[in-house]
Amino acid sequence: MTVLGNGPQAGLAVEALPAWIVAGTVALGALAALAACSVRLVRPGERLVVFRLGRPAGVRGPGIVLVLPLLERGVRVPLRPVRIDLLWVEATTRDGVAVTVNGAVLAAVRDPVRHCLAGDSPLSAVTTAAEDEVRRHVAGRDLAELYAPPGGELREPASRITGRTREQGVEVTRVELGRIEVPLSTGLIRWAEGFRARTRPAARSRPSTARIRPAARGRPVRTRQERSRADRVLHPRP
């Protein structure tokens, strides 16, 4: 028991709380804090990669998951597709024309663990691989072929990019080429001259499209002598 004050309120005593109550309150507060740190809510469009003592221990979610404090660490990985723009990619066509290509790729994480182990910026590796494959695609085609891709979607470059980004746990599902610009250069001039030389023999060998108008049926065209001769035959004089 503790006595408070020396004045008129002397003798007012306050009984001290037992030590076990104080310890229990502190313990409950610590447990509540640990529970708040260990409970995670993982959304449907993401996964939680759990590392235990620095090593990957598994993928959890979606929903409410538990992460042991001081032993485990969770890293959120989004699974929704991400659009990566390809801007001003310089390439050269098969017939030697320098072009600038703008496009985009659609990528999504398929392996969250590899995605976390790849590093801080695995999407930069996807961008580099996509630009290389776009240059390869342009180098295998003539200038006239670039303006009419099949459906605007390139499946073969998408599969090759996925083969290069599989270590990052990323899959590229779609590659699109948007605007293709051709700057004025010596390569473009040579291409124009070669294109004109290739099309000129074809124009010469093309059959003439002039039409010959046939004579009207039932009305044969005759001269004056032919008409007079026909009159003498049809109407003989006595």
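1. Val39 is found in strand β3. This is a predicted model, and the points below should be read as comments on that model. With a relative accessibility of 40%, Val39 counts as partly exposed, because that class covers values between 20% and 50%.

2. Val39 belongs to a nonpolar surface patch together with Leu41, Ile64 and Leu66. The accessible area of these residues taken together is about 430 Å². Two strands, β3 (39-42) and β6 (63-66), each contribute at least two residues to the nonpolar patch.

3. The model also contains an open sheet of 3 strands, ordered β5-β4-β7, with antiparallel pairing. Its edge strands are β5 (55-60) and β7 (72-78), each of which pairs on one side only. From one strand to the next, the twist averages 25°.

4. Strand β4 covers residues 46-52 and is joined to β7 by 7 bridges, the two strands running antiparallel. Glu46 has Pro78 of β7 as its bridge partner, and Val50 stands opposite Gly74 in β7.

5. Towards β5, strand β4 makes 5 bridges, and this pair also runs antiparallel. Here Val49 stands opposite Val59 in β5. The β4 and β5 strands form a hairpin with 2 residues between them.

6. How many of the 7 residues of β4 are buried? The count is 5, so β4 is largely enclosed by the rest of the structure.

7. Glu46 lies in strand β4. Is Glu46 buried or exposed? Its relative accessibility is 14%, so Glu46 counts as buried, the cut-off for that class being under 20%. The side chain of Glu46 is joined to that of Arg76 by a polar contact of 2.8 Å.

8. In summary, two regions deserve a look in the viewer. One is the nonpolar patch of Val39, Leu41, Ile64 and Leu66 on the surface. The other is strand β4, which is largely enclosed and is joined to β7 by 7 bridges and to β5 by 5 bridges.

Technical notes. Residues numbered from 1 in each chain as written. Predicted model: local features only at pLDDT ≥ 70, side-chain atom pairs only at ≥ 80, totals over all residues. Heavy atoms only, no water. Patch = residues over 30% accessible without salt bridge, like charges linked within 9 Å, V, L, I, M, F, W, Y side chains within 5 Å. Areas by Shrake-Rupley, 256 points an atom, 1.4 Å probe, with all protein chains shown as cover. Salt bridge = Lys/Arg side-chain N within 4 Å of Asp/Glu carboxyl O. Helix = DSSP H or I, 4+ residues; strand = E, 2+ residues; numbered from the N terminus. Buried < 20%, exposed > 50% of the residue type's maximum accessible area, 1.4 Å probe, protein only. Pairing = 2+ DSSP bridges. Axes fitted to C-alpha atoms, helices over the stretch in contact; angles between N-to-C directions. Polar contact = N/O pair within 3.5 Å; in protein donor to acceptor, adjacent residues only side chain to side chain.
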